[in-house]
Amino acid sequence: NENQPSQGLWDFKLQKMWEIENAGDNVLVQVQAMKVDNKGNLYVLERKHSKFFVFSPEGKYLYSFGKQGEGPGEFKFAFDFFLVKDFIIVPDQGKIHYFKTNGEYVKSLNPGFMMFPREFIDENRFILVQDQEDEKKTSEKVEVYDLSTGKRFTLAEVTAEKALTASQSSGDDTDESDIGLFALGREFSDD
């Protein structure tokens, strides 16, 4: 193409839409997660301060809430959050914290196990993926957990069986490149 792109030249000009000048008295240092609600407000989970910062659609700082700790509504290590209806739901090392979108603390739940929700269906149910492995196979269960009942059910399970190679069957040492994986899917079981 003789040093010319076949679709012509593009001229990109950067244009500032808006900027965050400040977040109250804080400076955003370690942004862990960001989400936008249906009104266009931006919610930023900042890890260094263990706080949420909320900005208007125009980028104006509105308010912040949260802090590090182990008390009600305090975070040990919040890694993500979910906007569900009028709630901000925050998984945090064995707990799930609920806040109203204005930052008001509502409650904390302890489901009794370490969980990493992938998505909330509603304020009581979330999807999680559980990994299990033994010497012959690995599997991932896609489950729905209901916080109101403490019950879970399996949506799908994907099992990968480790294939034996000639070197494994003869007792030789192998590395991971010698193991093949075969995926078998099983959907909508409730066991």
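Author: Start with charges and rings. A charge sits over a ring if NZ of Lys or CZ of Arg is within 6 Å of the ring centre and within 35 degrees of the ring normal. Two notes on reading: this is a predicted model, where local features need pLDDT of at least 70, side-chain atom pairs count only at pLDDT 80 or more, and totals for chains, interfaces and linings use all residues. Residues are numbered from 1 along each chain as its sequence is written, and side-chain values use heavy atoms, with hydrogens and water left out.

Reader: Which ring does the charged end of Lys-35 sit over?

Author: The ring of Phe-82, with 4.8 Å to its centre. Look also at Tyr-98: Lys-107 lies over its face, 4.8 Å from the ring centre.

Reader: How many aromatic pairs does the structure hold?

Author: First the rule. Rings of Phe, Tyr and Trp (its six-membered ring) pair if their centres lie within 6.5 Å; planes under 30 degrees apart count as stacked, over 60 as edge-to-face and the rest as tilted. Here there are 13 aromatic pairs. Take Phe-52 and Phe-65: their ring centres are 5.0 Å apart and their planes are at 10°, so this pair is stacked.

Reader: Where do Phe-52 and Phe-65 lie?

Author: Strands (E, at least two residues) and helices (H or I, at least four) are DSSP runs, numbered from the N terminus. Phe-52 is in strand E3 (residues 51-55) and Phe-65 in strand E4 (residues 61-65), so the pair ties together parts that are 13 residues apart in sequence.

Reader: Are Phe-52 and Phe-65 buried or exposed?

Author: Buried means under 20% relative accessible area, exposed over 50%, partly exposed in between (1.4 Å probe, protein chains only). Both Phe-52 and Phe-65 are buried. They also belong to a cluster linked by ring pairs, with Tyr-63, Phe-75, Phe-81, Phe-99 and Tyr-105.

Reader: In what order do the four strands form the open sheet?

Author: Two strands pair if DSSP finds at least two bridges between them. The order is E1-E2-E3-E4, with antiparallel pairing. Strand E1 (31-36) and E4 are the edges, each pairing on one side only. Within the sheet, five bridges join strand E2 (residues 42-46) to E3. Glu-46 has Lys-51 in E3 as its bridge partner.

Reader: How many bridges join E10 to E11?

Author: Nine, between antiparallel strands; E11 covers residues 137-146. A hairpin connects E10 to E11 through three residues. Leu-128 has Glu-143 in E11 as its bridge partner.
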